[in-house]
Amino acid sequence: QVRLVESGGGLVQAGGSLRLSCTPSGLTSRWNAMAWFRQAPGNDREFVARINWSGSSTGYADSVKGRFIISRDNAKNTLYLQMNSLKPEDTGVYYCAAGSNYLGPYDYWGQGTQVTVSS
């Protein structure tokens, strides 16, 4: 059974930083792509960042480019999202996702972790 567990969310002031983590279990090596999505209240879930198995390819939404960094440590079996210069509009539930294709679709999702950025 595949399970993705996110952690690291919380409340932070605008301009601050947070690092999210995602630990998958039950994945085989064919699930070579992982990603972060987020959903603000009343909005659809939106793409934030993606990374391939080796970490050699990454992609970002324009809204986070230059502020967020996605990375993975396969030895520790952990996906990260370093979020810097946070803005109130970054507030939402952040979800970790995994799939076999770098560009998606993603087959497995975590339960999410809340990020709240105060102004």
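Ile70 is buried, with a relative accessible area of 4%; buried here means under 20% relative accessible area, exposed means over 50%, and partly exposed lies in between (1.4 Å probe, protein chains only). This residue belongs to strand 7, where strands (E, at least two residues) and helices (H or I, at least four) are DSSP runs numbered from the N terminus. A word on the ground rules: this is a predicted model, in which local features need pLDDT of at least 70 and side-chain atom pairs count only at pLDDT 80 or more, while totals for chains, interfaces and linings use all residues. Residues are numbered from 1 along each chain as its sequence is written, and side-chain values use heavy atoms, with hydrogens and water left out.

**The chain as a whole**

- The protein chain has zero helices and eleven strands, so its elements read β-β-β-β-β-β-β-β-β-β-β from the N terminus on.
- Along the principal axes, the C-alpha atoms fill a box of roughly 40 × 25 × 25 Å.
- Of the 119 residues in the protein chain, 41% are buried.

- Four strands form an open sheet in the order 1-3-8-7, with antiparallel pairing; two strands pair if DSSP finds at least two bridges between them.
- Strand 1 (3-7) and strand 7 stand at the edges with a single partner strand each, so one side of each has no neighbour in the sheet.
- On average, neighbouring strands of this sheet are turned by 15° against each other, direction ignored; the axes are lines fitted to C-alpha atoms, for helices over the stretch in contact, and angles run from 0 to 180 degrees between N-to-C directions.

- Six bridges pair strand 7 with strand 8 in the antiparallel sense.
- Phe68 has Met83 of strand 8 as its bridge partner, and Asp73 stands opposite Thr78 in strand 8.
- Strand 8 is mostly covered, with five of its six residues buried.
- Strand 3 and strand 8 run antiparallel and are joined by five bridges; Arg19 stands opposite Gln82 in strand 8.
- Ile70 and Gly92 are 22 residues apart in sequence, and their C-alpha atoms are 17 Å apart in space.

**Backbone points to look at**

- Most residues other than glycine have a negative phi, and most peptide bonds are trans.
- Asn77 has a positive phi of about 55° although it is not a glycine; this residue lies in the loop between strand 7 and strand 8, a hairpin with four residues between the strands.
- Asn77 is partly exposed, at a relative accessible area of 39%.
- Ser85 is not a glycine either, and its phi is positive, near 50°; Ser85 sits in the loop between strand 8 and strand 9 and counts as partly exposed at 42% relative accessibility.
- Gly104 and Pro105 are joined by a cis peptide bond with omega about 0°, and Pro105 lies in the loop between strand 9 (92-99) and strand 10 (108-109).

**The largest pocket**

- The largest pocket has a volume of about 160 Å³.
- Its lining counts 14 residues, and the closest to the pocket centre are Pro24, Leu27, Trp53, Arg72 and Asn77.
- Strand 3 (18-25), strand 7 (68-73) and strand 8 (78-83) are the elements that give two or more residues to this lining.
- By class, the lining has six nonpolar, six polar and two charged residues; Ala, Val, Leu, Ile, Met, Phe, Trp, Tyr, Cys and Pro count as nonpolar, Asp, Glu, Lys and Arg as charged, and the others, Gly among them, as polar.
- A pocket is an open set of points on a 1 Å grid over the protein atoms alone, where a 1.4 Å probe fits, with protein on both sides within 12 Å along at least five of seven lines; lining residues have an atom within 4 Å of a point.
- Grid points are joined across faces, edges and corners, and a volume is the space filled by probe spheres set on the points.
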